[in-house]
Amino acid sequence: MARFARLHVLNKMVGIGLVPVFYHQDAAAAKRIVAACAAGGAQVVEFTNRGDLAFQVFSELVRHFAEAEPEVILGVGSVVDPGTAALYLSCGANFVVGPVLNPEVARVCNRRKVAYSPGCGSASEISAAEELGVEICKVFPGAQVGGPAFVKAVLGPCPWTRIMPTGGVDATEENVTAWIQAGASCLGIGSKLVRKDLVAAGDYGAITTKTAEVIAWIKKARGE
């Protein structure tokens, strides 16, 4: 069961502006990654459903951070079907993200009042997601769909839309600034932030530093 209310999760996503995205098959390493992101200011973290028995690693993360750092909000990504969504909701997911839009996943999440951010690649898909109650649409793959120009174009006729580009979002000031100034509500950043070489080297401090840097760029781009 989710520990955080949907409104709280959505407001945190937008307020912070960054959702780190990662997968690791080892629970100990996964804990250190989440802790590193949280230490940098990103307290909303997406663990992707990528490997065999990934839900067991996620469950361990939920148990650990409920006690160790209870302000950390954990969600699941790469969800494409309602069965997987239900499994992770039972494991304590506070939000669900997917590469595609699935109305049945939206219904499962809405039934439990958990935020759902499906992957959308057109104005029509975004509109369909919003009709299903989606507050923040994931634009995926962000760079290939059209980059910051796509976000700006969609927000022209649909200024109420909230977009989280993921896929092709670089952890550089130039790229972060472009997305935010185009109107993105928050950014999902995966391997460019939680770099495999840093994890392999055990340099979690570098992940914390980069996370804090990205959040600072987001604030600057917003004029905060």
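Let's start at one residue pair: G119 has K138 of strand 7 as its bridge partner. This is a predicted model, where local features need pLDDT of at least 70, side-chain atom pairs count only at pLDDT 80 or more, and totals for chains, interfaces and linings use all residues. Numbering runs from 1 along each chain as its sequence is written, and side-chain values use heavy atoms, with hydrogens and water left out.

Next, C120 sits opposite V139 in strand 7. In total, 2 bridges link strand 6 to strand 7, residues 136-139, and the two run parallel. Strands here are DSSP runs of E, at least two residues; helices are runs of H or I, at least four; both are numbered from the N terminus. Pairing requires at least two DSSP bridges between two strands.

Now the other side. Strand 7 also pairs with strand 8, parallel again, over 4 bridges. There, C137 faces I163 of strand 8.

So what is the strand order in the open sheet? It is 6-7-8, with 3 strands and parallel pairing. Strand 6 (119-120) and strand 8 (162-165) are the edges, each pairing on one side only.

How do the strand 7 side chains point? I136 and K138 go one way, C137 and V139 the other. In a regular strand, side chains alternate between the two sheet faces.

Strand 6, helix 6 (residues 123-131) and strand 7 form a right-handed β-α-β unit. Right-handed means the path from first strand over helix to second runs clockwise, with the strands pointing away from the viewer.

Key: Buried < 20%, exposed > 50% of the residue type's maximum accessible area, 1.4 Å probe, protein only.
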